[in-house]
Amino acid sequence: MKFKMHNNKQALPLVMGILNVTPDSFSDGGKTVDRDSVIRAAEMMAKSGADLIDIGGESTRPGANIVSVDEELARVLPAMDWIREACDLPISIDTYKTEVMREVLSKGVWMINDVNALQAPGALELLAQHDVKVCLMHKQGTPQTMQASPSYENVVEEVMSFLKNRLEKCQESGLQLSNICVDPGFGFGKTLQHNVELFGSLEVFQQLNCPVLVGVSRKSMIGALQKMDLNESRLAGSLAAAIVAMQKGAQILRVHDVPETLQALRVASALGLHN
Ligand SMILES: Cn1c(SCC(=O)Nc2ccccc2)nc2c(=O)[nH]c(N)nc21
């Protein structure tokens, strides 16, 4: 496990708790972003055993609208301070904008979680100057267009070769492999069929010799597979997916429901399902 965490948990995947600071994030009922709710959420995640917290100032859900650098920073920078009032967990920032990366790097961010795999101009060069973790995620198209008609010849091969190419670019630019994790990007320009195929072959991504991050928590693929209608809870399905991801070698899980996920992972691991 390249990502040496403070508690060196090896048997279980690292649990990355999602803290929404985009006011329109419907998965938490669209609550407005304020200091108290961020502090409360961060305290709960830390108490529940999360290993790190992921925050993003622009929703990257399908159809999400683009946010300016200033607007994104206005949400993320205060949230970093509030999280630090609440706990000492490492912070991951979900952004694809080089300018946002620059600002959060100067505030000691632990990981840059880039759904665009450092393709923005200047992103690679910027990160090469910092000893920071980075997640390289695959997506097809942009959040505005990606779910229109996703298509692949062979989704596993295409996602794999994209990530391999981005890893090579990172290493050419001087980033250390030990600071990089990869992510197939479930739901980012993929049909349900593509997502299921990618999940079924998740072990393949271990060949890249860096930790694999999986983010499927509460996503529409879970709802579809649960065969429930839209407003049903996706908790049980998300926990099932977390367990299978662990069994398939995922080293980091990005989840909304931290306590429940850790309970499920601990029981599954104790009963013989190890990552
Ligand atoms: C920022 N970010 C996102 S946002 C999409 C989301 O949570 N949608 C969603 C959440 C809840 C309900 C419906 C949709 N997904 C990933 C991921 O899978 N991997 C990495 N590395 N980062 C990610």
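Biologist: At what angle do helix 1 and helix 2 pack, and how far apart are their axes?
Modeller: In this predicted model, helix 1 and helix 2 (residues 69-86) pack at an angle of about 50°, and their axes are 8 Å apart. Helix 1 and helix 2 are therefore oblique to each other.

Biologist: Is the crossing of helix 1 and helix 2 right-handed or left-handed?
Modeller: Helix 1 passes helix 2 in a right-handed crossing.

Biologist: Which residues meet there?
Modeller: Helix 1 contributes Arg 35, Val 38, Ile 39, Ala 42 and Glu 43. Facing them from helix 2 are Ala 79, Trp 82, Ile 83, Glu 85 and Ala 86. By class, this contact has seven nonpolar, no polar and three charged residues.

Biologist: Staying with helix 2, how does helix 2 pack with helix 3?
Modeller: Helix 3 covers residues 98-106, and helix 2 packs with it at an angle of about 25°, with the axes 10 Å apart. That makes helix 2 roughly parallel to helix 3. Their crossing is right-handed.

Biologist: And which residues make that contact?
Modeller: On helix 2 they are Val 69, Glu 72, Leu 73, Val 76, Leu 77 and Met 80, and on helix 3 they are Glu 99, Val 100, Glu 103 and Val 104. These residues divide into seven nonpolar, no polar and three charged.

Biologist: Back to helix 1. How does helix 1 pack with helix 9?
Modeller: Helix 1 (residues 35-48) and helix 9 (residues 258-270) pack at an angle of about 15°, and their axes are 9 Å apart. Since that angle is under 35 degrees, helix 1 is roughly parallel to helix 9. The crossing of this pair is right-handed.

Biologist: What makes the contact there?
Modeller: Met 44, Met 45 and Ser 48 of helix 1 are in contact with Val 258, Pro 259, Leu 262 and Arg 266 of helix 9. The classes are five nonpolar, one polar and one charged.

Biologist: Changing topic: which residues come nearest to the ligand?
Modeller: There are 15 residues around the ligand, and Arg 61, Asn 113, Asp 183, Arg 218 and Lys 219 come nearest.

Biologist: What distance separates the side chain of Asn 113 from a nitrogen atom of the ligand?
Modeller: An N or O atom in the Asn 113 side chain is 2.8 Å from that ligand nitrogen.

Biologist: Which residues are 3.1 Å from an oxygen atom of the ligand?
Modeller: Gly 215 and Arg 254 are among them. For Gly 215, a polar backbone atom is 3.1 Å from a ligand oxygen. For Arg 254, an N or O atom in the side chain is 3.1 Å from an oxygen atom of the ligand.

Terms used:
Residues numbered from 1 in each chain as written. Predicted model: local features only at pLDDT ≥ 70, side-chain atom pairs only at ≥ 80, totals over all residues. Heavy atoms only, no water. Axes fitted to C-alpha atoms, helices over the stretch in contact; angles between N-to-C directions. Helix = DSSP H or I, 4+ residues; strand = E, 2+ residues; numbered from the N terminus. Parallel < 35°, antiparallel > 145°, perpendicular 65-115°, else oblique. Left-handed = near helix turned anticlockwise from the far one by under 90°. Contact = heavy atoms within 4.5 Å. Nonpolar A, V, L, I, M, F, W, Y, C, P; charged D, E, K, R; others polar. Near = heavy atom within 4 Å. Polar contact = N/O pair within 3.5 Å; in protein donor to acceptor, adjacent residues only side chain to side chain.
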